[in-house]
Amino acid sequence: MTAPAKISPATLSRLAKLGIHHRADLLLHLPLRYEDETHLAPIDTVQAGETVQVQGTITHSEITFRPRRTLICRLQDAGGELYLRFLNFYPSQQKLLAIDKQIRAIGEVRMGYYGLEMVHPKCSAVNEETPLQTSLTPVYPTTAGLSQATLKKLISNALDVLPANDPLPGALCDSLNLLDFFGSLQILHHPAPDISASSLEDRSHPAWRRIKFDELLAQQLSMRVHHRERSQRAAPALTPQERHTVALLKNLPFALTLAQQKVYGEISLDMAKPHPMQRLLLGDVGSGKTVIAALAALQAIENGYQVALVAPTEILAEQHYLKLSDWLAPLGIAPAWLSGSLKKKNKKLASDKIASGETLLAIGTHALFQDQISFHKLGLAIVDEQHKFGVQQRLALHAKGKARANNSEPHQLMMSATPIPRTLAMSYYADLDVSVIDELPPGRTPVITKLVSDARRDEVFERVRAGCMAGQQAYWVCPLIDESEALQLQNALETHQLLTDTFPELRTGLVHGKMDSAEKVRVMAEFKTGALQLLVATTVIEVGVDVPNASLMVIDHAERMGLAQLHQLRGRVGRGSAQSLCILLYQKPLSELARTRLKVIFENTDGFAIAQQDLQLRGPGELLGARQSGVAMLRYADIDADEDLLEQARRVADELLRDYPDAARSYLQRWMAKRHDYLHV
């Protein structure tokens, strides 16, 4: 067996930037693309747009200075010639490309000033005996100071010295019709010339399928292990007492839908268990998640525990505070409000009541995560729009429940009005218990969606005027607060002034994220009571705003917004019995992506269908908010394109944990080392 190559400290540091911390990590540092250096193309046969390897003699080499310093060389073989152009070069390259030198060059051919040329090709000195490569040449992701040659050498050495045992039991490997793991790595790092480069680069080759399956399997294993570990930890058993919960249901002006009853039953059973609940509640816009949160909170309060409800924006947190205060006041429960904008005195008063246990339900924003906020006896943490919070913030809230409870953890209920596609839930949320409200309350009318070009803005003005004069209320949503010359968008301040001038007969208000909290509450209250007919707003109204009489919405520059945001905004109307309309006002020319998004939102009202198409357009990283959430993203598998592999991985994960625990540990060590801190919390 080949001896392991020694690696310098400087190289180790650069490898760490690529996420390579162990020799085994080198095996999974797979190529981005491949270059074909296995044959030579005669120069007289090459065409612009091709990437080829040619060989010949340098017959001309000079440095020109117009328009900038450039090295231009002419390479000639028996049948033709082409030019090599270098905008950045070193004396060593100039020496390599001197007249009469025999050179092998590989790069993309294009049409230049003098004829066919390559710009910055990869060049090497050769002679008549220099052999061609025997396999496609991999090109790896790298970082400054780490050359392709160094990476190739280290990876080849790792392939030689590391044990070649397959972590997947042979019987399973055969039943799944998968290639051997190390054989797949050999193919991907040193593919034979007869292997299609396109099948490697589009990751459809069987070797890629094996790697993607292993990555998905490791992810499923990590989620299941995390789920099992949670079931071993302690939490307060909050059994249903049915005092406050029954009273709330009796006082509500509506009855729970069957879907709401089902998910509350799931949550109630979880909270009664002596280990921490981690349940994700999914529900489309307007499906009634808030009342489920209220019932869960009351079940904890009935057992003598406190509840924290956290939302990502002040306007959403305030809506929760106002609604829950209204519902819970008849039960003698007064929620506390805590946000960063509170005055120091009020914040101190609220935090003291939370610390003493006097406050049973604390509602707020990120301020609830702060170190100086402590709970007397936290039993349940409810996190709304959970994907908008960072992993460290969720950990901070989680830790507050353990501080005074003899290592007992609070239960966690995470809510999202952004529906999650099935494959995303199967993959990234596999460690959570998921409840879905798949039914809208009765009386909700479908929202008609219209796409209108900015050229017809005056017609939209008239539609808004007519609607408001007929007793409707309307939103006009703008994507910016301040002037932005780069985007040239209508901002909320200008639009508010324009609409106020255009509609002097209407009472028009303005709300945006930079307003004082009290002012936002005042404006929203006026709109809700009907004192304002038209509300100009930024996307702060995306979630949490419930005004049944508002049945008209105009979304300005809709082409600039994402599908989830458009769907959330549209969900602010259609909450009453009147027919509602959402006008998506767009500006031409439209990019292909913007055109696709607008088509999807125009044709679909089902949030889950929209989310599935959003996944295809954007990928899981943006939908999850991965940079904030800390979720370890998949590097090679595509959960949408590789759904069949995901299904197999889900099935095999249970079998490995049950029958092959050593193999399961091997998978976790290989794929998930250093990632366990970032599982869902």
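**Entry 1: confidence**

I began with the confidence of this predicted model: the mean pLDDT of the protein is 87, and 90% of its residues reach 70 or more. I then looked up where pLDDT stays under 50. One such stretch is residues 626-630, for which the model has 13 contacts beyond four places in sequence. Another is residues 675-681, with 30 contacts beyond four places in sequence.

**Entry 2: the sheet**

I turned next to an open sheet formed by six strands. I read their order as β16-β21-β20-β17-β19-β18 and noted that the pairing is parallel. Which strands lie at the edges? I found β16 (447-453) and β18 (508-511), each of which pairs on one side only. On average, neighbouring strands of this sheet are turned by 20° against each other, direction ignored.

**Entry 3: the pairing of β16**

I followed β16 to its partner, strand β21, which covers residues 580-586. The two run parallel and are joined by seven bridges. Within this pairing I located lysine 450, which stands opposite isoleucine 583 in β21.

**Entry 4: helices on the sheet**

Which strands does helix α17 touch? I noted that this helix, residues 492-502, packs on the sheet and touches β17 (473-477), β18 and β19 (534-537). Its direction makes about 175° with that of β18.

I then looked up helix α20, residues 592-603, which also packs on the sheet. Helix α20 touches β16 and β21, the two strands joined by seven bridges in my previous entry. The direction of α20 makes about 150° with that of β16.

How values were computed: Residues numbered from 1 in each chain as written. Predicted model: local features only at pLDDT ≥ 70, side-chain atom pairs only at ≥ 80, totals over all residues. Heavy atoms only, no water. pLDDT = per-residue confidence, 0-100. Contact = heavy atoms within 4.5 Å. Pairing = 2+ DSSP bridges. Helix = DSSP H or I, 4+ residues; strand = E, 2+ residues; numbered from the N terminus. Axes fitted to C-alpha atoms, helices over the stretch in contact; angles between N-to-C directions.
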